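This briefing covers one protein chain. Please look at the sequence and structure below before reading the points that follow.

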Amino acid sequence: MSELDEYQRRITAAMDRVAKGVDRIKPAPAEPDEDIVQALEEERLANAQLNERIKSLREGYEGELATLRDRVESSAAQMGQIDLDLQRVRQANEQLSEACEKLREANAEGLADPKLIDTAVIAELESLRATRAIEMAEIDAVLSALAPLVEETEAENSAPAAGGDAETATKTGEAH
């Protein structure tokens, strides 16, 4: 029983301490502070503006990413074509080397074979065609790489200058 009395005494003491603590607590104001409410509204507005900015940046980056992916795919296709053309040149050069070797052998034996001469000329012609195809593919690759830069430059030149006529004349090299 003494344990029960001890527990009861401890519980009563704890309840008294809680009652004293509750008395010390100040009641909350009936209305929130106007400064706090205004600051909260300003923060909400700033947060909404930041969310909109993030959304617009994300959309812009997604557009740029799509453009870059298109460029990479285009470049990959061009590189594939260049690779095919290079293989064609290698094959044509091998045929040309073989025809030239046979032509040399025939010439060393004193036999002029028109078929060997025709084969050598055809192989050389195919080699020249393949070389030209590679050059055209390289030119196409360079032009497609330069096209965005040219468009960007044209867009900058067509945009109105923000500094007035003197600044525009200085940039374009004109004198007033």
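In helix α3, the buried residues are Leu 116, Ala 120, Ala 123, Ser 127, Ala 130, Ile 134, Ala 137, Ala 141 and Pro 148. Helix α2 (34-108) is part of what covers them. The model is predicted.

**Shape of helix α3**
- Helix α3 runs over residues 114-158, which makes 45 residues.
- From first C-alpha to last, α3 reaches 63 Å, close to the expected 66 Å.
- At Leu 146 the helix α3 bends by about 30 degrees, and Pro 148 follows within four residues.

**Salt bridges**
- The structure has 3 salt bridges.
- One of them joins Glu 126 and Arg 88, at 2.7 Å from N to O. This pair links distant parts of the chain, with Glu 126 in helix α3 and Arg 88 in helix α2, 38 residues apart.
- Glu 126 is partly exposed, at 24% relative accessible area, and Arg 88 is partly exposed too, at 32%.
- Arg 44 pairs with Glu 41, their closest N and O atoms being 3.0 Å apart. These two residues are 3 residues apart in helix α2, about one helical turn.
- Glu 6 pairs with Arg 9, with closest N and O atoms 2.5 Å apart. Both lie in helix α1 (residues 2-24), 3 residues apart.

**Confidence**
- The mean pLDDT of the chain is 81, and 87% of its residues reach 70 or more.
- Among the elements, α2 has the highest mean pLDDT (87) and helix α4 (residues 165-172) the lowest (48).
- Over residues 166-171 the pLDDT is below 50; beyond near neighbours in sequence, this stretch has 3 contacts in the model.

Methods
Residues are numbered from 1 along each chain as its sequence is written. This is a predicted model: local features need pLDDT of at least 70, side-chain atom pairs count only at pLDDT 80 or more; totals for chains, interfaces and linings use all residues. Side-chain values use heavy atoms; hydrogens and water are left out. The expected span of a helix is 1.5 Å times one less than its number of residues. The bend at a residue is the angle between axes fitted to the seven residues ending there and the seven starting there. Buried means under 20% relative accessible area, exposed over 50%, partly exposed in between (1.4 Å probe, protein chains only). Contact means heavy atoms within 4.5 Å. pLDDT is the predictor's confidence in each residue, from 0 to 100. A salt bridge is a side-chain nitrogen of Lys or Arg within 4 Å of a carboxyl oxygen of Asp or Glu.
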